[in-house]
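Me: I am new to this structure and would like to learn how to read its features one at a time. Could you take me through them slowly, giving the general idea before each case?

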Amino acid sequence: MRTWLLHEKWLTGFPYPLFILNEQGMVEEQNAALSKLVSYTCEELLQIPFADLVVPEHRNRFRRALEQAKQGEIRSIDVDVMAKNDKRKSLQIVLSLCYSEGDKHPRIHVISRDITSSQILKKELIQSKLQLEHIFETLNVAIWSVEPGTRKLLQLSLGAEKVYGHPVQAFYSEPDLWQQMIHPDDYAAVMANQGQLQSGRSIVHEYRIISGQGEIRWIHDRVFPELDNDGNIVSLTGIAFDMTEQKLMKDQIRHMALHDPATGLPNRTMLEEYFRTGCNLAEQPQPPIAIVSLVAMPLDMIADTLGQSLADEALRLFAERAAELLPNADLICRTGDYTISIVCKEADTQKLYAAAELFFRSLDRTFPIGPYEVVLSGAAGISTYPGDGTDAGTLLNRAQSAMHRARKKAVNTVMRYKPHYEEECFKAFRLETDMFGALERGEFVLLYQPKIDLTRMEIIGMEALLHWNHAEFGLIKPSEFIALAQELNLIIPIGEWVLRSVCRLARECRELGLPPLRMGVNVSPQEILQADFVGKVMTILAETEMDASCLELEVTEHTMKQEKHIQVLKKLQAAGVTITIDNFGTGYSSLQSIKSIKLGVLKLDKMYIRSMTESEEDCAIVDAVIHLCHKLGVKVVAEGVETKEQMALLRKLGCDGGQGYALGMPVPGEQLKELLQYGVTTQS
């Protein structure tokens, strides 16, 4: 009895699950640790064969161990049991035979330990190992390890066969095979990079190899030295993969970023990179470098008629021919819609200038584009380093500034950049930007210049001259911004403001008791073609109570060449408005413009007046025009009369009127009343 009590105390105090099985495998005694593990009460455990708690796949193992224990063997096995809460537990159990006092039947003493966590960890480790082995053998990368001194290959994954194109066994048989595969042009750099490993640093390098199939491949290689506690290298481990496709794609993307897709020519980005990396600007003495920018014309018309692809092809051929003739052409780029720029190293400006002129002379030869033969023209601008700039952006902008100026001057013209070009370009930019809103800001002003009857020397009318009082550039003449207003489609609201202002001033003069004058207003083709221009003019005349006979609309010869313009002007003429041809002799100079509509006045351009006292030819032209107009019942007013000699000659030739600084300066509307008080006559 004492032995049983000692046994009972031992059973209760043991920290691990401890129980006794009878000969049938039933639990006869157990400690609380077992009950806690399987979530059954002590009473429930006494009613269940322990084998029933063991999962089916482990029961046979348990039963064999139980039988062996009955024979006196001590057995240790691992089994999984299913707890009452359906949780699976892993146990390590030791079974041994034991007897109690007076007991005739053997009992089995079982000591167990919960190893669930360690089993889960063991399974996870095994699974991870299997996954790593699978990855190691299936990845298309070469994972390798070598001894640093002997270069003996310790391990190499199967992926090396796809990377290098040789069987794995070949690398074990021939340790120098990897070095033999390195491309000759990259060998020295790879070996130099390998030297960094001796200091214990990892390296990453990209190089080319010649594969087992004879292909050139790009390899990305990352190498890690493994060090012992003393800092000595015990092995080198690396991962290498074939990056040929990525390299080709990267090169393709780079090519796309640096080239114009339509022509295949390098673009502006390439030019800028060329100056950063291709030119040694720090070299002293620095050989001259020039940028020649050329615009090809008329590619916009070719694009509209033959298609953009043929226009792009024409630009490419234009660029090739230019590069053939320009000395030391190092880079040809497309830098605009129809603009190319050529970088010339060791450039002699005079030779470049002459070569550009020679190129333009060569343009008499046609360019074959598709089924067509086209003739091109152009203009060129030249800037040089370092005098005109020290970076690509500045040099290109200044070459193009000179090119635009050459284009305005004449086709096939070459010009060198000069500092004031940039100032003019900046001014043009500011004018374009500031013109929006200038009308609302009240920046436009009108000056009135008198027209004088050359026989009686009396004022017979006024011309309203539009000026722009710019905040930075001061008073700007119309010749500097009217074309811009037309281009920006702002001429219609500006023109309406001019017409309304002139008519309003005429009414104010009448209210002061001054005799009515014919007021001249310049109108553009855009204004004439706007919807209901006639109605708009008549509405303004009605609002300002101005007689239509006091309004004179001045138009250009070009306007009179268009039938649609003439029809509108005829309607205004029928309403009593006088129509005048302005600047006659600068446009088409066609007699058709005189007979197409019954004109009131023809204004002869100042270029004939300026030279008529020195040139018999110009004097004869003026005389002929005056007599012709008088035959047709049209009066002639000479513009730009600046000297007494010109005035005297015009009177001798019978010119009806004159306008110019010698006859009267333009004045603001506020001063017009004072001017008119010196004897005014009505329109003749």
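This is a predicted model: local features need pLDDT of at least 70, side-chain atom pairs count only at pLDDT 80 or more; totals for chains, interfaces and linings use all residues.

Me: How should I read a sheet, and in what order do the strands of the open sheet come?

Reply: Strands of a sheet pair through backbone hydrogen bonds, and they do so in either the parallel or the antiparallel sense. Here five strands form an open sheet in the order 2-1-5-4-3, with antiparallel pairing. Strand 2 (27–30) and strand 3 are the edge strands, each of them pairing on one side only. On average, neighbouring strands of this sheet are turned by 30 degrees against each other, direction ignored.

Me: How many bridges pair strand 3 with strand 4, and which strands does helix 5 lie across?

Reply: Strand 3 and strand 4 pair over eight bridges in the antiparallel sense, and Ile77 has Ile93 in strand 4 as its bridge partner. Helix 5, residues 56–70, lies across strand 1 (18–21), strand 3, strand 4 and strand 5 (107–114), and it runs at about 145 degrees to strand 3.

Me: Is strand 18 mostly covered or mostly open, and how many of its residues are buried?

Reply: A residue is called buried when its relative accessible area is under 20%. Strand 18, residues 444–453, is mostly covered, with nine of its ten residues buried.

Me: Which strands does strand 18 pair with?

Reply: Strand 18 runs antiparallel to strand 19 (residues 458–470), to which ten bridges join it, and the two form a hairpin with four residues between them. Strand 18 also runs antiparallel to strand 27 (residues 667–668), joined by two bridges, and it pairs over two bridges with strand 26 (residues 657–659), again in the antiparallel sense. Individual residues show how these pairings are laid out. Leu447 has Leu465 as its bridge partner in strand 19 and Pro668 as its bridge partner in strand 27, while the partner of Ile452 in strand 26 is Gly658.

Me: What should I look for in the backbone angles, and which residue in the hairpin turn has a positive phi?

Reply: Most residues other than glycine have a negative phi, and most peptide bonds are trans, so departures from either pattern can be picked out. In the turn of the hairpin, Met457 has a positive phi of about 55 degrees. Asp86, although it is not a glycine, has a positive phi of about 65 degrees; this residue sits in the loop between strand 3 (75–82) and strand 4 (88–98), and it is exposed, with a relative accessible area of 63%. Asn489, also not a glycine, has a positive phi of about 60 degrees, and its place is in the loop between helix 18 (482–487) and helix 19 (491–511).

Me: Where are the cis peptide bonds that involve Pro298 and Pro386?

Reply: The bond from Met297 to Pro298 is cis, with omega near -5 degrees, and Pro298 is in the loop between strand 11 (289–297) and helix 13 (299–306). Tyr385 and Pro386 are likewise joined by a cis peptide bond, with omega about 0 degrees, and Pro386 lies in the loop between strand 16 (377–385) and helix 16 (392–409).

Conventions
Residues are numbered from 1 along each chain as its sequence is written. Side-chain values use heavy atoms; hydrogens and water are left out. Buried means under 20% relative accessible area, exposed over 50%, partly exposed in between (1.4 Å probe, protein chains only). Two strands pair if DSSP finds at least two bridges between them. Axes are lines fitted to C-alpha atoms, for helices over the stretch in contact, and angles run from 0 to 180 degrees between N-to-C directions. Contact means heavy atoms within 4.5 Å.
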